Amino acid sequence: MAICVVLIAVKWTAPRFDEESLRGARVVVTGASTGIGEQLAYHYARFGAQIVITARREKVLQQVAEKCLSLGAQKALYIAADMSSESDPEKVVDFALEKLGGLDYLVLNHIGPSPFTVWQGDVEHTKWLMQTSLTVDSYTGKTTSPFVAPYSSTKSALNGFFGSLYHELAMKKSNVSVSLCTLGLIDTEAAMDKVREVVNLPAYPATDAALNIIIIGATRQLELYYPWYTYIIVVTKDWFPSITNYIVQNSYNYIP
């Protein structure tokens with residue numbers, strides 16, 4: 001009951017989202033060739049934003065940019081880049097600043113590939129993933145989960161880094177805000193290919209996840225939990241660790 005009351009209170013007291021605030025907004029979306037990133041681009045386009053999208057596959061980016069223009073984007077530009085490179089992230093930002101004249105929203109939605117399996121001790125892959133994954137977050141960064149040790153470690157680092165940055169910006173009274181988006185299982189092709197018939201959890205629509213991410217950023221709120229169960233897991237893991245661990249472990253079809 002207490003958790004339900006908290007969720008309702010948060011919903012009622014959340015700032016109102018004004019779609020018009022995004023008209024003409026200058027936006028960069030990384031990892032935008034597919035999945036949540038692609039849906040983010042389409043939503044921003046419908047709101048009339050100016051968009052720069054990036055990912056590694058240039059031909060796919062071109063198709064996404066063309067669709068963004070058809071949906072109403074004021075501008076839809078693309079630049080192929082590998083965000084695991086030391087130089088490409090700066091190249092993307094410079095491109096956006098040159099073409100858009102500034103930035104209002106930077107949505108970090110990229111991640112390197114990571115296997116969904118028991119960790120085999122591949123330290124080098126984990127180090128590489130740490131360098132690559134500045135991304136929309138996952139509840140595995142807030143609590144522990146099996147078969148995603150490298151992925152989970154990058155998400156935990158993401159929470160720590162941007163959580164600290166949020167405080168520093170607030171203490172400096174900066175106009176720059178940080179929004180941390182904690183997501184559960186989303187029905188992207190990449191995710192479902194890994195977990196289908198393995199995870200006993202419903203997958204939620206990427207288009208809904210993307211819209212919620214945009215709203216949380218536009219209203220300058222610190223945290224998003226989508227879908228609802230991610231918040232329950234994060235809150236109860238400290239109150240009832242044994243129950244939470246039981247639920248997590250029994251959410252998988254795993255036979256040793």
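Y229 is part of helix 9, residues 228-239 (helices, H or I of at least four residues, are DSSP runs numbered from the N terminus). This is a predicted model, in which local features need pLDDT of at least 70 and side-chain atom pairs count only at pLDDT 80 or more, while totals for chains, interfaces and linings use all residues. Residues are numbered from 1 along each chain as its sequence is written, and side-chain values use heavy atoms, with hydrogens and water left out.

Y229 counts as buried because its relative accessibility is 8% (buried is under 20% relative accessible area, exposed over 50% and partly exposed in between, with a 1.4 Å probe and protein chains only). Beyond its neighbours within four places in sequence, Y229 touches G184, L185, L201, P202 and Y204 (contact means heavy atoms within 4.5 Å). G184 sits 45 residues away along the chain, yet its C-alpha is 7.8 Å from that of Y229. As for L185, its backbone nitrogen is 3.0 Å from a polar atom of the Y229 side chain.

Further along comes F240, in the loop between helix 9 and helix 10. With 44% relative accessibility, F240 counts as partly exposed.

Then there's helix 6, residues 149-171, with 23 residues. From first C-alpha to last it reaches 33 Å, close to the 33 Å expected at 1.5 Å a residue (the expected span is 1.5 Å times one less than the number of residues). Its buried residues include P150, K155, F162 and L169. Just after helix 6, K173 takes a positive phi of about 55°.

Technical notes
Helices (H or I, at least four residues) and strands (E, at least two) are DSSP runs, numbered from the N terminus. A polar contact is a pair of N or O atoms within 3.5 Å; within protein, one must be able to donate a hydrogen and the other to accept it, and residues adjacent in sequence count only if both atoms are side-chain atoms.
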